Amino acid sequence: MPETKVMFHDAEEVEEFVNAASRCDFDIDIFYNRIVIDAKSILGILSMGLCRALTVQCYGDSPEFNQTLQKFAVA
């Protein structure tokens with residue numbers, strides 16, 4: 001279960017990420033500190049706040065989703 005740190009700067013980026021995650025047939029969680037939400041929930045991600053490094057944990061693998069994940073990845 002690889003983890004990747006991501007950051008979103010506006011709602012359009014969150015929408016792109018959620019659309020890519022929704023096409024996956026496995027679970028994807030996104031969390032900050034102790035708050036964990038489903039990465040397929042646009043409202044859940046927006047409620048965590050923008051411009052904050054969030055951790056994404058995938059329970060499967062998809063080359064298409066990995067491309068989107070790398071687009072928003074931070075060091």
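Author: Glutamate 16 is partly exposed, with a relative accessible area of 32%. On this scale buried means under 20% relative accessible area, exposed means over 50%, and partly exposed is what lies in between, using a 1.4 Å probe and the protein chains only. The model is predicted, and local features need pLDDT of at least 70, side-chain atom pairs count only at pLDDT 80 or more, while totals for chains, interfaces and linings use all residues. Residues are numbered from 1 along each chain as its sequence is written, and side-chain values use heavy atoms, with hydrogens and water left out.

The partner of glutamate 16 is lysine 71: the two form a salt bridge, and their closest N and O atoms are 2.9 Å apart. A salt bridge here is a side-chain nitrogen of Lys or Arg within 4 Å of a carboxyl oxygen of Asp or Glu. The pair connects distant parts of the chain, since glutamate 16 belongs to helix α1 (residues 11-22) and lysine 71 to helix α3 (residues 63-72), 55 residues apart. Helices (H or I, at least four residues) and strands (E, at least two) are DSSP runs, numbered from the N terminus. Lysine 71 is exposed, at 53% relative accessible area. Searching the whole structure gives one salt bridge.

An unreviewed UniProt entry lists residues 15-61 as "domain: HPr"; its positions are given in the numbering used here, feature names are shortened, and annotations may be inferred rather than shown by experiment. The end C-alpha atoms of that span are 20 Å apart, and the span is 30% helix and 30% strand.

Next come two strands. Strand β2 (residues 28-32) and strand β3 (residues 35-38) run antiparallel and are joined by four bridges; strands count as paired if DSSP finds at least two bridges between them. Aspartate 29 has aspartate 38 in β3 as its bridge partner. The hairpin of β2 and β3 has two residues between the strands, and there asparagine 33 takes a positive phi near 55°. Most residues other than glycine have a negative phi. Asparagine 33 is exposed, with a relative accessible area of 64%.

Further on, the loop between α2 (42-47) and β4 (54-58) holds leucine 50, and cysteine 51 is also found in the loop between α2 and β4. Cysteine 51 is not a glycine either, yet its phi is positive, near 60°. Leucine 50 is partly exposed, at 34%. Together with Ile42, Leu43 and Leu46, Leu50 forms a nonpolar surface patch of about 330 Å² of accessible area. Patches are made of residues with over 30% relative accessible area and no salt bridge; like charges are joined within 9 Å, nonpolar side chains (Val, Leu, Ile, Met, Phe, Trp, Tyr) within 5 Å. The areas come from the Shrake-Rupley method with a 1.4 Å probe, and for residues only the protein chains shown count as cover.

Last, the cysteines. The structure has zero disulfides, a disulfide being a pair of cysteine sulfur atoms within 2.5 Å. For cysteine 24 the nearest cysteine sulfur is that of cysteine 58, 7.1 Å away, and cysteine 58 is likewise in no disulfide. Cysteine 24 counts as buried because its relative accessibility is 9%. Cysteine 58 is buried too, at 5%, and sits in strand β4.
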